[in-house]
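Q: Could we go through this model together, one feature at a time? I would like to learn how to read each of them.

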Amino acid sequence: MRRPTLAYLRTESGAGLIIGIAALAALAIANSRLAGPYFALLAEPVRFQIGGFVETLSLAAWARALLMPVFFLTLGMQLKFETLRGALSSPRRQGLAALAALGGLVGPALVYLAFCRGPAPGWSSGFGVGFATDGALALAILAVGAPRLTPSLRVLMMAVALADDVAADVVAAVLSPGRLDPQMLLGAVVVLAGLALLSRWRRAPFLFYAAGFVAVWGFAIKSGLDASLAGLASAFTVPVGARRPGQQSTLKYFMDSLHPYVAFAVLPLFVLTETGISAHRALLAGLATPVPLAILAALAIGKPLGVFGFCAAGIGLRLVRRPMGARWGEIGAVSVLTGVSVAVGSFVAGVDIGSPAAEAAVLLASALTALVGGGLLAWTQQSRADETVDPG
């Protein structure tokens, strides 16, 4: 496996533990005596103005509008780099990863529609929530539960998380309610076109890119689109080539510079503001109503079945090869862990629905898949240990 991919996986594995701690801390605060001040702080309106740009949002909304575009900017760059020059540039790995990612979209969609279809109120709002995978937390569970797991399965997990999170963000932006402002949307397109042209200037100052990213973000906020799309679209304009002969890729430089901050600060801070859900409020909001139940089923059932089913079909039909050294039980464990969706799932649920019950369903599904996937990993690792001790 290529070194940039190994570095990415190590960072994600470490950050996943912090994300888990942040989620537990937010839940503890939201269900304690500090719940009142906590929710009041998140609801506090904050006015932001630079020149003619004026926007007033709650503190929680600002966390979503400022933090998630940075996350999706890094995510988009990682996906582009891995596809062109990283671990996913190999056709063999691309085939299995593409099938797994496709299964991670088809499975949750079918299960969601089986549990919740029109004309149930808000049925379309949660459609994209089941697509999301919290790669950092899932990789952390893999690192703790199976430190000797074949690296190719970690790459498979990363591929599913990258591709399906991109899809979840796009679906969330398309299905989220809101009026589009054509002029602001045109402004975002013009700046993106400028960034695409800038990528042909190898020695372009990094400040130009930063200014372009901020401009796209500002236009996206005012256009009515979700701001995370600004980060995602901007990521694909960053050139993969080097500024000068002998230097590393501009894309890799940006990606490496941002990734530690995103992994250890951006995502934990977002989780701290987003996953503070009162159990009482979630029950009152209707945790047992069609949309939350469909989200729970999509993540806990549809996601694992889709990923495993598509991988098994591809391997069985000899369209792709099973990863060297990987057992079916380990592939199953990785498939189950793709249902872990604390950060991204909560983000998509917050964008589309804004219901405590929907976000509670995401957390419950994440807990279930983490426990089942972790248990399956422990069983496979114990089987390997037993065979080592007693080969006969």
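Q: Is Ser199 buried, partly exposed or exposed?

A: Buried stands for under 20% relative accessible area, exposed for over 50%, and partly exposed for what lies in between (1.4 Å probe, protein chains only). Ser199 has a relative accessible area of 21%, so this residue is partly exposed. Its place is in the loop between α7 (182-198) and α8. Helices are DSSP runs of H or I with at least four residues, strands are runs of E with at least two, and both are numbered from the N terminus. From Ser199 to Tyr209 there are 10 residues in sequence and 9.0 Å in space, C-alpha to C-alpha.

Q: What should I keep in mind about the model itself?

A: This is a predicted model, in which local features need pLDDT of at least 70 and side-chain atom pairs count only at pLDDT 80 or more, while totals for chains, interfaces and linings use all residues. Residues are numbered from 1 along each chain as its sequence is written, and side-chain values use heavy atoms, with hydrogens and water left out.

Q: Which backbone oxygen does the side chain of Ser223 reach?

A: A polar contact is a pair of N or O atoms within 3.5 Å; within protein, one must be able to donate a hydrogen and the other to accept it, and residues adjacent in sequence count only if both atoms are side-chain atoms. Here the side chain of Ser223 reaches the backbone oxygen of Ala220 at 2.9 Å. Ser223 belongs to helix α8 (residues 206-223) and is buried, at 1% relative accessibility.

Q: How many salt bridges does the count come to?

A: The general idea is that side chains of opposite charge can pair when their charged atoms come close. The rule asks for a side-chain nitrogen of Lys or Arg within 4 Å of a carboxyl oxygen of Asp or Glu. By this rule there are four salt bridges.

Q: Which parts does the pair of Lys222 and Glu55 tie together?

A: In this salt bridge, the closest N and O atoms of Lys222 and Glu55 are 2.9 Å apart. Lys222 sits in helix α8 and Glu55 in strand β2 (residues 53-58), so the pair ties together parts that are 167 residues apart in sequence. Lys222 is partly exposed at 31% relative accessibility, whereas Glu55 is buried, with a relative accessible area of 17%.

Q: Where do Glu274 and Arg64 lie?

A: Their side chains meet in a salt bridge of 2.8 Å, N to O. Glu274 is in helix α10 (residues 250-274) and Arg64 in helix α3 (residues 59-84), so to speak distant parts of the chain, 210 residues apart. Glu274 counts as buried, at 5% relative accessibility.

Q: Are Lys303 and Asp164 buried or exposed?

A: Both Lys303 and Asp164 are buried. Their side chains form a salt bridge (2.8 Å, N to O). Lys303 is part of helix α12 and Asp164 of helix α6 (residues 151-175), so this pair ties together parts that are 139 residues apart in sequence.

Q: Which residues make the nonpolar surface patch?

A: Patches are built from residues with over 30% relative accessible area and no salt bridge; like charges are joined within 9 Å, and nonpolar side chains (Val, Leu, Ile, Met, Phe, Trp, Tyr) within 5 Å. Accessible areas come from the Shrake-Rupley method with a 1.4 Å probe, and for residues only the protein chains shown count as cover. In this model Phe115, Leu293, Ile301 and Leu305 make a nonpolar patch of about 380 Å². Helix α12 (residues 290-316) gives the most to the patch, with three residues. Phe115 lies in helix α4 (residues 91-115) and is partly exposed, at a relative accessible area of 49%.
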